[in-house]
Amino acid sequence: MIKDEEQDEEGLLSLEKLDRASPDLWPEKIPGITDFIAMSNTPIRTPAPEWSRGLSQEDTTAMLQLSQLSPNALIMEIKKIYDEAYQLGVSEAKEMTRGKYLGIFNNAKKKN
């Protein structure tokens with residue numbers, strides 16, 4: 001019985017190769033439809049929203065990850081970012097004070 005099934009499958013096997021890239025073999029069913037789809041706002045060619053045009057792949061990945069967080073996890077992530085920003089501000093203030101004591105900023109004004 002298994003051999004019969006294998007013979008049936010071998011009989012259905014086609015060795016014909018079709019070149020799908022050729023426009024002569026696969027012409028457009030409706031002439032000009034490809035150009036129309038390219039210029040229209042169909043779901044296939046809908047342009048990206050204006051707010052997302054400057055985003056990199058890394059930005060969109062980060063947004064996707066944040067969108068999947070629960071409300072509490074999102075709040076914790078925002079607090080973490082806020083704390084990091086605060087620490088960065090403190091560090092920047094220390095470096096600015098250090099630069100003033102070393103006279104770095106006065107030398108830059110005198111050169112101009």
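**Entry 1: helix H4.** I began with H4, which has 32 residues and spans 47 Å from its first C-alpha to its last, close to the 46 Å expected at 1.5 Å a residue. The expected span is 1.5 Å times one less than the number of residues in the helix. Just after H4, I noted that Gly103 takes a positive phi of about 75 degrees.

**Entry 2: basis of the values.** I recorded that this is a predicted model, in which local features need pLDDT of at least 70 and side-chain atom pairs count only at pLDDT 80 or more, while totals for chains, interfaces and linings use all residues. Residues are numbered from 1 along each chain as its sequence is written, and side-chain values use heavy atoms, with hydrogens and water left out.

**Entry 3: the chain as a whole.** I found 5 helices and 0 strands in the protein chain. Helices (H or I, at least four residues) and strands (E, at least two) are DSSP runs, numbered from the N terminus. Along the sequence the pattern reads α-α-α-α-α. Of the 112 residues in the protein chain, 4% are buried; buried means under 20% relative accessible area, exposed over 50%, and partly exposed in between (1.4 Å probe, protein chains only). The protein chain exposes about 11200 Å², and carbon and sulfur atoms supply 58% of this area. Accessible areas come from the Shrake-Rupley method with a 1.4 Å probe, and for residues only the protein chains shown count as cover.

**Entry 4: salt bridges.** I looked for a side-chain nitrogen of Lys or Arg within 4 Å of a carboxyl oxygen of Asp or Glu, which defines a salt bridge. The count came to 2 salt bridges. In one, Lys80 meets Glu77 at 3.9 Å, N to O. These two residues are 3 apart in helix H4 (residues 71-102), and therefore about one helical turn separates them. Lys80 is partly exposed at 44% relative accessibility, and Glu77 is partly exposed at 26%. Arg98 forms a salt bridge with Glu95, their closest N and O atoms being 3.5 Å apart. Arg98 and Glu95 are also 3 residues apart in helix H4, about one helical turn. Glu95 is partly exposed, with a relative accessible area of 44%.

**Entry 5: a nonpolar patch.** I noted a nonpolar surface patch of about 420 Å², made by Ile30, Ile33, Phe36 and Met39. Patch residues have over 30% relative accessible area and no salt bridge; like charges are joined within 9 Å, and nonpolar side chains (Val, Leu, Ile, Met, Phe, Trp, Tyr) within 5 Å. Phe36 lies in helix H2 (residues 33-39) and is partly exposed at 45%.
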